[in-house]
Amino acid sequence: MNFDFFTFGGALFWEDVFFYQKWRIQRHCITKKYRLLDSWDIRRASGTFEKCRKTFIEYMESYEITKQPNRMIILLHGYGEGKNIFKNLWRKFVLTNVSVASINYPSLFRSSRESALQLLFFLNHMEGIEEVSFVTKGAGNLILEQALNMPIEYQTFTTTTNIKNIVEINPIIKECFWCEMISKIKIFNFIFGPMINDMTKQNLKNSAGIPLQLNHIRIYCESRGYRFFAKLFGFSRTDTPNNKKNNLNIKTNSFKTLNSQELLNFVVKFINNGKI
């Protein structure tokens with residue numbers, strides 16, 4: 001087991017398909033090649049998934065990596081973002097006895113369905129996880145909703161793992177003018193990726209949503225930055241649900257949504273207790 005080299009964590013082209021105590025196996029979205037990264041984003045192996053997983057087991061024994069908790073919280077970023085947007089939320093969750101996996105997916109190169117299949121691959125290869133909760137931001141809700149509405153044979157993890165609570169932060173529920181315009185121009189489709197089409201009126205209309213039997217909440221947090229970009233790019237807030245049981249609306253003076261302590265506290269409370 002030799003030292004390989006440092007990486008930047010694969011935020012653009014790599015998708016996370018396995019996670020254990022900050023170690024990750026990633027798959028390149030174009031070449032389909034796998035690699036194993038340690039907790040410092042140092043590449044320790046590459047090749048097939050089986051080879052990377054076997055190498056991880058060897059490192060686990062050699063480095064005496066501790067067993068991870070049997071509860072996991074999975075964080076899914078939005079379109080054009082990366083896993084590091086969840087740093088503030090991650091710091092709150094790691095204070096409890098839970099494993100926190102902020103997942104990379106190449107949103108500029110994959111449709112929400114393709115990323116949903118990646119998420120299911122991840123879930124089906126979890127080690128020793130008995131309970132899982134989810135937090136999504138922005139278009140991450142489209143990926144989670146598609147994954148949880150896949151046929152049951154795609155969701156083999158459900159035989160051993162219980163889905164506890166789900167929080168969707170500023171989920172994409174209504175089309176934006178920007179996405180509608182770009183989706184009709186081929187060159188822009190090529191540049192901005194197939195997920196743009198998933199945020200158009202027709203596709204959002206056909207979205208299945210979170211299965212009704214699962215405990216979930218949508219939190220609409222209007223930060224100063226979000227209000228600016230919503231107005232600039234045409235994201236409408238006029239038909240955001242206000243009175244439904246599974247919706248919460250808050251405003252904050254923070255420029256970035258995930259810098260709002262009020263929002264973070266609501267998220268942590270719901271994930272831990274199942275209610276606000």
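Trainee: What should I know before I start?
Mentor: The model is predicted, so local features need pLDDT of at least 70 and side-chain atom pairs count only at pLDDT 80 or more, while totals for chains, interfaces and linings use all residues. Residues are numbered from 1 along each chain as its sequence is written, and side-chain values use heavy atoms, with hydrogens and water left out.

Trainee: Okay, how many salt bridges are there?
Mentor: The count is 10 salt bridges. A salt bridge here is a side-chain nitrogen of Lys or Arg within 4 Å of a carboxyl oxygen of Asp or Glu.

Trainee: Which residue does Arg44 form a salt bridge with?
Mentor: Arg44 pairs with Asp38, and their closest N and O atoms are 3.1 Å apart.

Trainee: Are those two buried or exposed?
Mentor: Both Arg44 and Asp38 are buried. Buried means under 20% relative accessible area, exposed over 50%, and partly exposed in between, using a 1.4 Å probe and protein chains only.

Trainee: And what about Glu131 and Lys164?
Mentor: Their side chains meet in a salt bridge too, at 3.9 Å, N to O. Glu131 lies in strand β8 (residues 131–137) and Lys164 in strand β9 (residues 162–169), so the pair ties together parts that are 33 residues apart in sequence. Strands (E, at least two residues) are DSSP runs, numbered from the N terminus. Glu131 is partly exposed at 21% relative accessible area, and Lys164 is partly exposed at 25%.

Trainee: Which residues are joined into one network?
Mentor: Asp16, Arg24 and Asp41, through salt bridges that share partners. Within it, Asp16 and Arg24 meet at 3.4 Å, N to O.

Terms used
Helices (H or I, at least four residues) and strands (E, at least two) are DSSP runs, numbered from the N terminus.
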